[in-house]
Structures are given as structure tokens and as C-alpha cells.
Amino acid sequence: MGRGWKGRGGWQQGEVPSADDAAGWFGGRLPDGWFTGAAEVTVDREEIVVVGELPALTEQYEDDAARAAAESGRISRFREETRDARIEIARQAEHRYQRKVAWGAKIGGTTELFTTLSAPVMTRLRQPERLVLDTLVDSGVARSRSEALAWAVRLVGQHADSWLGELREAMSKVDDLRAKGPDLG
């Protein structure tokens, strides 16, 4: 194993507490009545994103645009009314998990995230890969190589969900086997 290796993430990832119990912790910590069910908690190395479903709108709207505007307004109201409590919960979670916390809400067909983290990622690309990014920039799909790379990653994520899910499941099995192995330290 390489110098400073601390688990998934390789040598560049420092000692970060496990967030395996984050969904349960938020489930127990969130006030009753905020969401219609359990919040969706997504964790990566830098951030925890908590998204909950708000109660459905009961009013009738003349068209989809009016309904979408009402949904966005309801999310905005939730965001303002819960701001202080969300800040306190995030402060506690950030101390516990050493990751930033972002929030979101969804209702009907509308999902909005609040203050999510945008983390820089360093990568080295050879000319063929740089040419792909430059084509995306030159065509106006992206404004910069950085934006082009983010666009490409989103596209892969949208079209490879099942494969990525299988890969994450396999990595989890490897982690389990590694934990059951002999302690060499």
C-alpha cells in the first residue's frame, strides 16, 4: 500500500471518518414533519447532500408552468423557514463526519439543491482527451475545459447508472473483505 493510504480514496485522501451511518443519523436528527418520508442522503469524500420530499401541493394549476412555479415557491419557503435549524444540523454533521453538508428539497417534478459544494479535481489528460474537451469548448457546449469535463462526467453518470451501481457494490465487497483480513499494522 502507498504512503499515507487510509482506505478508499488513495493516498491523497486524508483520514476522514466513515459516513456509513449518515442516513440513519440524519433520519434521527431531522425534525419530524420536515419531509414526507426519509430524506435521501448522498455522501462522497467532501460533501453530504440531504434531499427531502415536501408535502404535495393540493391546489389546482392552469398549466405545468404554473405548477412548477408553485413547487419552486414551496421549496423556497421551506428553505427560508428552516434555515437556522438546517445550519445547526449541518454544523453538527460537519463536526461528526468532517464533510460539508448541502441541502435540497423536492416536490412534484421539481428538485432544488441549496449551496452545494463544487470541488476542484486535478487530472492529467493526453492530447486525444484534451482534443475532446477543446471540441466541446469550440462548439459552444462548454465555456472552458473545466466545464467540458464536468459536462462529460454528468453525461457518463446519466448513461451508466447501472454499471456505476454495480461498480460501487463491488468496491463495497472489497472493503468488507479487506476489513475481515489480517491486521498487518
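Helices (H or I, at least four residues) and strands (E, at least two) are taken here as DSSP runs, numbered from the N terminus. The model is predicted, so local features need pLDDT of at least 70 and side-chain atom pairs count only at pLDDT 80 or more, whereas totals for chains, interfaces and linings use all residues. Residues are numbered from 1 along each chain as its sequence is written, and side-chain values use heavy atoms, with hydrogens and water left out.

**Whole chain.** Buried residues (under 20% relative accessible area, with exposed over 50% and partly exposed in between; 1.4 Å probe, protein chains only) make up 24% of the 185 residues.

**Helix α2.** Next select residues 64–81. The 18 residues of this helix should span 26 Å at 1.5 Å a residue, and the end C-alpha atoms are 26 Å apart, which agrees; the expected span is 1.5 Å times one less than the number of residues. Display Ala70, Glu71, Ile75 and Phe78, which are buried. They cover an arc of only 135° around the axis, which puts them on the same side of α2; the arc is that of the directions from the helix axis to the C-beta atoms. The buried residues of α2 pack against α3 (83–97), β3 (100–107) and β4 (110–114).

**Nonpolar core.** Now select Phe26, Leu30, Val50, Val101 and Trp103, which touch the most other members of the largest nonpolar core, a set of 25 residues. Such a core consists of buried Ala, Val, Leu, Ile, Met, Phe, Trp, Tyr and Cys residues joined through side-chain atoms within 4.5 Å. The elements giving it two or more residues are α1 (22–29), β2 (47–53), α2, α3 and β3. Centre on leucine 30: apart from neighbours within four places in sequence, its contacts (heavy atoms within 4.5 Å) are Phe35, Ala39, Val50, Ile89 and Trp103.

**Two loops.** Finish with glutamine 98, in the loop between α3 and β3. Its phi is near 55°, a positive value in a residue other than glycine. Threonine 115, in the loop between β4 and α4 (127–138), also has a positive phi, near 45°. At 61% relative accessibility, threonine 115 counts as exposed.
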